[in-house]
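Please open the structure in a viewer and keep the sequence at hand.

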Amino acid sequence: MMVVSDNGSELTSNAILTWTDQSRVAWHNIAPGKPMKNAFIESFNGRLRDELLNETLFASLAQARVALRCWRTDYNDARPHSQLGWKTPSEFAATFNPRRDLALRYAESSAPAATTAQMGTSNRPNELRSG
């Protein structure tokens, strides 16, 4: 597993560093001043901030957890996203082919995937084929 983040102070605490070591999670930072290298999370953080954090004064940690759970459920299960072909994240995740996606996740580069595409093989009928 790998986490990509900016160099913000919210992700540099001793608790986060301890968790990454114990969980054997690789942590990669984007270059300072280059938020577009992590555009997805920048967009997500903006939505979370605008739609929940800036709008709510939490009286307790329990209230914050409930509000975040409700927001996350709405974001993942009820809202279609344009970048996911107007599917919800949950619907999009259900379309993954676990065998193919697992192989791509552990590939050291994109070359093995490109080679497969060049050969015209496909694991899913709706994938584009080269040639």
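Begin with the whole chain selected. Of the contacts in the chain with a separation of 6 or more, 34% are between residues 24 or more positions apart, where contact means heavy atoms within 4.5 Å. The model is a predicted one, in which local features need pLDDT of at least 70 and side-chain atom pairs count only at pLDDT 80 or more, while totals for chains, interfaces and linings use all residues. Residues are numbered from 1 along each chain as its sequence is written, and side-chain values use heavy atoms, with hydrogens and water left out.

**The chain as a whole**

Colour the chain by secondary structure. Six helices and two strands are present, and their order along the sequence is β-α-β-α-α-α-α-α. Helices (H or I, at least four residues) and strands (E, at least two) are DSSP runs, numbered from the N terminus.

Next, display the surface. The chain exposes about 10300 Å², and 56% of this comes from carbon and sulfur atoms; accessible areas come from the Shrake-Rupley method with a 1.4 Å probe, and for residues only the protein chains shown count as cover. Of the 131 residues in the chain, 15% are buried. The classes are buried (under 20% relative accessible area), exposed (over 50%) and partly exposed (in between), with a 1.4 Å probe and protein chains only.

**The largest pocket**

Rolling a probe the size of a water molecule over the atoms shows where empty space is left. On a 1 Å grid over the protein atoms alone, a pocket is an open set of points where a 1.4 Å probe fits, with protein on both sides within 12 Å along at least five of seven lines; lining residues have an atom within 4 Å of a point.

Select Phe40, Tyr75, His81, Gln83 and Leu84: of the 14 residues that line the largest pocket, these lie nearest its centre. The volume of this pocket is about 340 Å³, a volume being the space filled by probe spheres set on the points, with grid points joined across faces, edges and corners.

Which helix gives the most to the lining of the largest pocket? Select α2, which contributes five residues, the most to that lining. Both α2 (39–53) and α3 (61–78) supply at least two residues each. By type, the lining comprises seven nonpolar, five polar and two charged residues. Here Ala, Val, Leu, Ile, Met, Phe, Trp, Tyr, Cys and Pro count as nonpolar, Asp, Glu, Lys and Arg as charged, and the others, Gly among them, as polar.

Now centre the view on His81, in the loop between α3 and α4 (89–94). Is His81 buried or exposed? His81 counts as buried because its relative accessible area is 14%. A polar atom of the His81 side chain lies 3.1 Å from the backbone oxygen of Tyr75. Beyond its neighbours within four places in sequence, His81 is in contact with residues including Tyr75 and Trp86.

Move to Trp86, which lies in the loop between α3 and α4. Trp86 counts as exposed, at 61% relative accessibility. Its phi is positive, about 60 degrees, although Trp86 is not a glycine.

Select Thr20 in helix α1 (residues 14–23). Thr20 is buried, at 7% relative accessibility. Not counting residues up to four places away in sequence, Thr20 touches Val25 and Trp27.

Continue to Arg24, in the loop between α1 and β2 (26–29). Arg24 counts as exposed, at 75% relative accessibility, and has a positive phi, near 55 degrees.

Finally, select Arg72 in helix α3. Arg72 is partly exposed, with a relative accessible area of 44%.

Notes. Polar contact = N/O pair within 3.5 Å; in protein donor to acceptor, adjacent residues only side chain to side chain.
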